[in-house]
Amino acid sequence: MNSPEKCEIDTTADCGEIDTLDKMRWWQRATIYQVLIQSFQDTNGDGKGDIRGVVNRLDYFVTLGVDVIWIAPIYQSPMSDMGYDISDYYTVNPIFGSMEDMELLISETHKRDMKIILDIALNHTSSEHQWFQTSRRSRKDRSLGKRDWYFWSEGKVDETGKRIPPNNWESTFTGSTWEWDDMAEEFYLHIFGKNQPDLNWDCEDVRQALYNVLRFWLDKGIDGFRLDTMNLVSKTSEFPDAPIVKKGSIWQPANFLFANGPHIHEYLQEMYEQVFSKYDVVTLGEMSCGVSPAQAVEYTSRHKPRPELSLVIQFQHVELDCYDGDKWLLREWELPELKAVINEWQATLIDNGGWNTLWMENHDQPRAISRFTTSHPRFRALCAKLLCVWQYTLQGTNLIFQGQELGMVNPGMFTEEMNQDIETAQYWKAACEAAGSEHDEALTLAKKAIIQKGRDNTRIPIPWTDAPHGGFTEPDCKPWIPASEHGKDWCCFSQQKDPESVWSFYRAMIRMRKNHPTLYYGTYETLDMDNPFIWAYKRRSKLRCYLTILNFSSGATSWAYAEHGVDLKGSKLLISNYLTQEATLVEPILLLRPFEGRLKSSQVSSSTPRQLAKKAWQEESDSAAVPIRVFFISSSVFSLRQDDRGTRQSPTSSDGQPTTVPEDE
């Protein structure tokens with residue numbers, strides 16, 4: 001057997017297809033980096049991140065290869081839900097800085113040839129917003145205006161004569177979606193927290209007021225928006241009861257009654273025509289409470305005569321670890337289930353003029369390593385790189401969340417300080433009330449669910465250095481949420497100096513993808529669908545074919561690639577997370593190490609002789625510029641063990657099926 005060699009890849013050399021990128025919209029080929037300002041960088045010593053902290057780190061994004069910075073809500077807010085409860089759309093929250101700071105961030109971002117988008121919630125406001133305060137008063141005095149800007153109801157009367165909510169809808173934060181207001185003497189609707197009343201988009205004045213908000217920020221230079229819970233702005237107007245599916249509970253899931261409602265496309269088309277069509281922007285619509293690939297096509301397809309959104313953010317792939325959409329009810333899942341979800345999204349959107357978003361974690365979701373693979377120290381770096389290869393070899397626009405490029409994991413602890421999120425706090429309160437004092441087992445399960453799925457998992461501060469609090473704030477200052485002790489090797493400063501770090505791997509993958517356009521727009525085909533350990537798939541265009549092979553298990557696994565129509569002769573290994581070139585094949589078997597991932601490439605053509613294809617391939621190989629050492633990743637999402645007490649083992653000789661890039665397809 002040949003001795004292993006370091007795998008060096010030139011991420012700057014193109015593959016002869018770069019001109020194709022010119023035909024794509026800027027947001028289709030972008031890497032979008034989400035910044036949760038509160039946990040990013042504190043510059044004034046108050047323990048909370050601020051806008052100046054982002055300004056000071058702009059060159060960090062440039063070095064990493066980021067194209068677009070996505071900024072979490074910075075508007076005036078009581079911060080009950082991390083700023084998604086907005087009390088004034090036109091004012092910057094002084095916790096984060098001033099309007100001058102925001103304008104500086106916009107201008108400095110553009111100076112570095114990057115773009116910037118804002119996160120904004122248009123489905124609901126804070127109950128402290130002046131619109132809501134006026135609306136509740138106007139229920140008694142119509143002359144005040146804004147009477148119908150929110151959803152109000154007198155409710156029902158029970159057998160005792162007491163006023164009760166008009167239906168049995170359950171809030172996404174537990175309890176009823178309706179809250180009684182003493183001033184209005186009516187109930188108001190809130191799909192989320194009781195201090196986040198839903199705006200009534202059926203009222204034209206509401207829509208026009210929100211369009212003015214969007215224009216205000218676009219005129220300041222913002223390049224687009226992430227639109228929070230955008231598919232909830234049209235609800236079933238009759239507010240019928242939801243069917244009983246949770247026995248023993250008064251409140252029932254009603255997502256299908258308040259998501260993707262009867263007027264949703266009408267309103268989004270109007271918003272596009274009156275606002276977004278006037279600017280060169282991207283719109284990412286968060287599809288909260290469920291959306292199917294077919295529905296996503298209706299929101300995003302370029303074939304539609306009346307455009308709506310650029311992209312949607314869906315959640316099917318991160319809901320496999322729960323039962324029936326209940327995030328706190330944990331379940332184990334298998335790799336073929338994840339393949340099936342991704343396959344449907346890739347195929348449906350590619351075939352119908354849509355465009356996927358590719359993401360694994362964000363401000364509402366736990367860390368991907370902990371969820372999809374394992375946080376075990378032995379495999380942590382391998383898993384981080386594996387997931388990077390998985391994300392960056394699929395079709396769509398890449399979204400990464402702060403710290404993902406550092407291989408951050410869930411802190412794995414349950415404390416009052418760590419559970420500041422409104423959703424988590426309300427769930428824990430409800431769990432305690434339901435369990436009483438004699439149900440230790442129920443509370444143990446609730447704690448486990450919070451440790452694995454709580455939203456604060458990704459909200460801990462970024463570890464910039466090995467200084468106290470990771471350099472997020474001053475050593476003698478207490479961060480708003482405890483910083484996790486990652487160790488010197490995992491901080492940003494150390495990783496940027498290490499060519500074999502997770503950060504360096506992300507940087508290389510971002511650069512490589514930009515020089516291999518087929519990875520953006522090529523077709524997608526999964527091989528060996530039922531394999532429980534190996535995920536292999538091809539991305540193909542007229543000129544080139546790529547094969548991604550990912551081992552999602554913590555054991556060595558073999559793949560009988562020839563059984564799936566794969567011929568590895570003539571293919572080239574582009575990147576691997578093991579830093580070594582593959583050994584000589586034991587045909588027709590490919591051996592993969594734990595959590596190993598590989599990306600292979602070959603030239604293909606149906607009209608050009610093989611000799612010309614090989615010549616073109618050789619010319620590309622010879623056009624190397626400055627090589628960057630990279631590792632290839634085997635993306636293992638078998639994830640079932642999320643508590644990190646162990647990882648799933650695969651038989652050493654299990655037939656996990658690798659895919660290979662055929663030389664002639």
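Strands here (E, at least two residues) and helices (H or I, at least four) are DSSP runs numbered from the N terminus, and two strands count as paired if DSSP finds at least two bridges between them. Y323 has D326 of strand 16 as its bridge partner. The two strands form a hairpin with two residues between them, and D324 in the turn has a positive phi of about 50°.

This is a predicted model, in which local features need pLDDT of at least 70 and side-chain atom pairs count only at pLDDT 80 or more, whereas totals for chains, interfaces and linings use all residues. Residues are numbered from 1 along each chain as its sequence is written, and side-chain values use heavy atoms, with hydrogens and water left out.

**Helix 9**

Select residues 335-351 next. Helix 9 has 17 residues, which at 1.5 Å a residue should span 24 Å, and its end C-alpha atoms are 24 Å apart, in agreement; the expected span is 1.5 Å times one less than the number of residues. Which residues of helix 9 are buried? They are L335, L338, K339, V341, I342, N343, W345, Q346, T348 and L349. Buried means under 20% relative accessible area, exposed over 50%, and partly exposed in between, with a 1.4 Å probe and protein chains only. Helix 9 is followed by G353, which has a positive phi near 75°.

**Helix 12**

Move to residues 422-435. The 14 residues of helix 12 should span 20 Å at 1.5 Å a residue, and the distance of 20 Å between its end C-alpha atoms agrees. Colour I422, E423, T424, Y427, W428, A431 and A435, the buried residues of helix 12. These buried residues pack against strand 16, already visited, and helix 13 (440-453); contact means heavy atoms within 4.5 Å. After helix 12 comes G436, whose phi is positive, near 70°.

**The sheet of strands 7, 11 and 10**

Display strands 7, 11 and 10 together. They form an open sheet of three strands in the order 7-11-10, with antiparallel pairing. Strand 7 and strand 10 stand at the edges, each with a single partner strand, so one side of each is left without a neighbour in the sheet. Two bridges join strand 7 to strand 11, and W152 has Y188 in strand 11 as its bridge partner.

**Salt bridges**

Show the charged side chains now. How many salt bridges does a search of the whole structure find? The search finds 34, a salt bridge being a side-chain nitrogen of Lys or Arg within 4 Å of a carboxyl oxygen of Asp or Glu.

- Select E185 and K140, which form a salt bridge with their closest N and O atoms 3.3 Å apart. The pair links distant parts of the chain, 45 residues apart: E185 lies in the loop between strand 10 (178-181) and strand 11 (186-189), and K140 in the loop between helix 4 (130-138) and strand 7 (152-153). E185 is partly exposed at 46% relative accessibility, whereas K140 is exposed at 53%.
- Select E270 and R207, whose side chains meet in a salt bridge (2.7 Å, N to O). E270 lies in helix 7 (residues 264-274) and R207 in helix 5 (residues 204-219), so the pair ties together parts that are 63 residues apart in sequence. E270 is buried at 16% relative accessible area, and R207 is buried at 7%.
- Select E361 and R367, a salt bridge with its closest N and O atoms 2.4 Å apart. Both residues are buried.

**L592**

Centre the view on L592 in strand 24 (residues 590-592). L592 is buried, with a relative accessible area of 2%. Leaving aside residues up to four places away in sequence, L592 touches I534, I549, N551, G555, A556, T557 and R598. Of these, N551 is 41 residues from L592 in sequence, yet the two lie 6.6 Å apart, C-alpha to C-alpha.

**Confidence**

Finally, colour the chain by pLDDT, the predictor's confidence in each residue from 0 to 100. The chain averages 86, and 86% of the residues score at least 70. Over residues 1-14 pLDDT stays under 50, and the model has 48 contacts beyond four places in sequence for this stretch. Residues 605-665 also have pLDDT below 50, with 251 contacts in the model beyond near neighbours in sequence. Where pLDDT is low, the predicted coordinates should not be read in detail.
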